[in-house]
Amino acid sequence: EALKARLDGEGVGGRRFGLELFRVDGAVKRLEVACSRPLAEPRRIAALFAERIASLNDGLEADYGFDVLRLWALKVQPLKAATGALDGMAVESADAELDALADRLAVRLGDKAVTRLKPGDRREPERACRAVPYAEAEPSVASWAAEVPAAYQGTPLRPLKLFRRPEPVEAVAEAPDGPPLRFTWRRVARRVAKAEGPERIAPDWSEGRAGRLTRDYWRLEDDQGRRYWVFRHGLYEETDAPRWWVHGLFP
């Protein structure tokens with residue numbers, strides 16, 4: 001309650017809190033918790049420390065007890081007032097509930113166990129975003145991650161999930177820049193019935209062109225109705241032997 005009064009007075013909330021417990025024999029126990037958005041509510045802060053204490057293998061090792069406790073706001077940010085909707089409900093209430101759950105899980109399981117996506121600065125799809133600890137990302141990242149994927153006539157332009165690593169295929173394609181007519185993936189030959197593309201992704205200029213090739217992505221559908229996101233790595237003016245890869249599947 002004392003910390004809340006001070007935070008409210010400065011118009012800020014804590015993103016990371018530290019608790020020091022001084023034992024009567026001179027030993028000091030130090031605990032920290034992090035929050036995904038600025039927090040000043042005593043119940044929420046106490047609940048996070050309760051989760052942190054519950055995750056300790058040996059507990060607090062209180063022995064004869066603690067005679068002094070000291071609570072710190074180690075990192076603070078300005079508090080933003082919740083935006084109200086026409087029906088009187090807070091627009092951000094759903095995000096706040098998700099953040100509260102993520103904070104509790106991260107405190108109990110560890111920061112690296114709960115992550116969310118953060119926009120990257122690379123063109124390659126597998127590097128366009130990266131997973132970061134949930135509490136370390138800015139609150140605005142949650143709304144970015146919830147954006148509806150780009151689509152054409154109701155069909156997503158990219159799969160919602162990518163393979164961890166693109167998988168190689170053997171393809172027979174229209175030269176020089178056409179889509180595959182058929183390809184073999186995972187030892188199964190597949191005949192292409194429909195193709196859309198290409199979506200061209202050039203190499204990152206900041207890393208230079210040496211050893212990096214242009215990608216042409218195609219949305220393919222085989223004669224069995226299965227849909228793939230396939231790319232050719234390299235143009236014919238860049239390499240004598242462009243290679244084809246499957247990067248993901250459409251539902």
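Predicted model: local features only at pLDDT ≥ 70, side-chain atom pairs only at ≥ 80, totals over all residues.

Me: Okay, another proline. Where is P119, and is it buried, exposed or partly exposed?

Reply: P119 is found in strand β4, residues 115-119. Its relative accessibility is 38%, so P119 counts as partly exposed.

Me: Switching to backbone angles. Which phi does D63 have, positive or negative?

Reply: Positive, at about 55 degrees, although D63 is not a glycine. D63 lies in the loop between α2 (42-54) and β3 (66-78). With 61% relative accessibility, D63 counts as exposed.

Me: What about R187, what is its phi near?

Reply: The phi of R187 is near 65 degrees, also a positive value in a residue other than glycine. R187 is in the loop between β9 (180-185) and β10, and its relative accessible area of 85% makes it exposed. For context, most residues other than glycine have a negative phi.

Me: You mentioned α2. How many residues does that one have?

Reply: α2 has 13 residues. From its first C-alpha to its last it reaches 18 Å, close to the 18 Å expected at 1.5 Å a residue.

Me: Which residues of α2 are buried?

Reply: Those are P42, I45, L48, F49 and E51.

Me: On to aromatics. How many aromatic pairs does the structure hold?

Reply: Five. One of them is W185 with Y228: the ring centres are 5.9 Å apart and the planes sit at 85 degrees, so this pair is edge-to-face. W185 is in strand β9 and Y228 in strand β12 (residues 227-233), so the pair ties together parts that are 43 residues apart in sequence. Both W185 and Y228 are buried.

Me: And how do the rings of Y217 and W229 sit, stacked or edge-to-face?

Reply: They are stacked, because their planes are at 25 degrees, with the centres 4.1 Å apart. This pair also links distant parts of the chain, with Y217 in strand β11 (residues 215-222) and W229 in strand β12, 12 residues apart. Y217 and W229 are both buried.

Me: Which residues form an aromatic cluster?

Reply: F163, F183, W185 and Y228 form one.

Me: Which rings have a charged end sitting over them?

Reply: Among them are F231 and F250. The charged end of R215 sits over the ring of F231, 4.7 Å from its centre, and the charged end of R227 sits over the ring of F250, 4.7 Å from its centre.

Me: I keep clicking on D222. Is it buried or exposed?

Reply: D222 lies in strand β11 and counts as buried, because its relative accessibility is 2%. Its side chain reaches the backbone nitrogen of G225 at 3.0 Å and the backbone nitrogen of R226 at 2.8 Å. Leaving out residues up to four places away in sequence, D222 touches R190, R191, V192, A193 and Y228.

Me: Last topic, salt bridges. How many are there in the whole structure?

Reply: A search finds 23. R30 forms one with E20, the closest N and O atoms being 3.2 Å apart. R30 lies in strand β2 (residues 28-39) and E20 in strand β1 (residues 12-23), so the pair ties together parts that are 10 residues apart in sequence.

Me: Which of those two is buried and which is exposed?

Reply: R30 is exposed, with a relative accessible area of 56%, whereas E20 is buried at 13%.

Me: What about E199, which residue does it meet in a salt bridge?

Reply: E199 meets R158, at 2.6 Å from N to O. E199 is in strand β10 and R158 in the loop between β7 (155-156) and β8 (162-173), 41 residues apart.

Me: And which residues are linked in a network of salt bridges?

Reply: D177, R200, D216 and R232 are linked that way.

Conventions. Residues numbered from 1 in each chain as written. Heavy atoms only, no water. Helix = DSSP H or I, 4+ residues; strand = E, 2+ residues; numbered from the N terminus. Buried < 20%, exposed > 50% of the residue type's maximum accessible area, 1.4 Å probe, protein only. Phe/Tyr/Trp six-rings, centres within 6.5 Å; stacked < 30°, edge-to-face > 60°. Lys NZ or Arg CZ within 6 Å of the ring centre and 35° of its normal. Expected span 1.5 Å × (residues − 1). Polar contact = N/O pair within 3.5 Å; in protein donor to acceptor, adjacent residues only side chain to side chain. Contact = heavy atoms within 4.5 Å. Salt bridge = Lys/Arg side-chain N within 4 Å of Asp/Glu carboxyl O.
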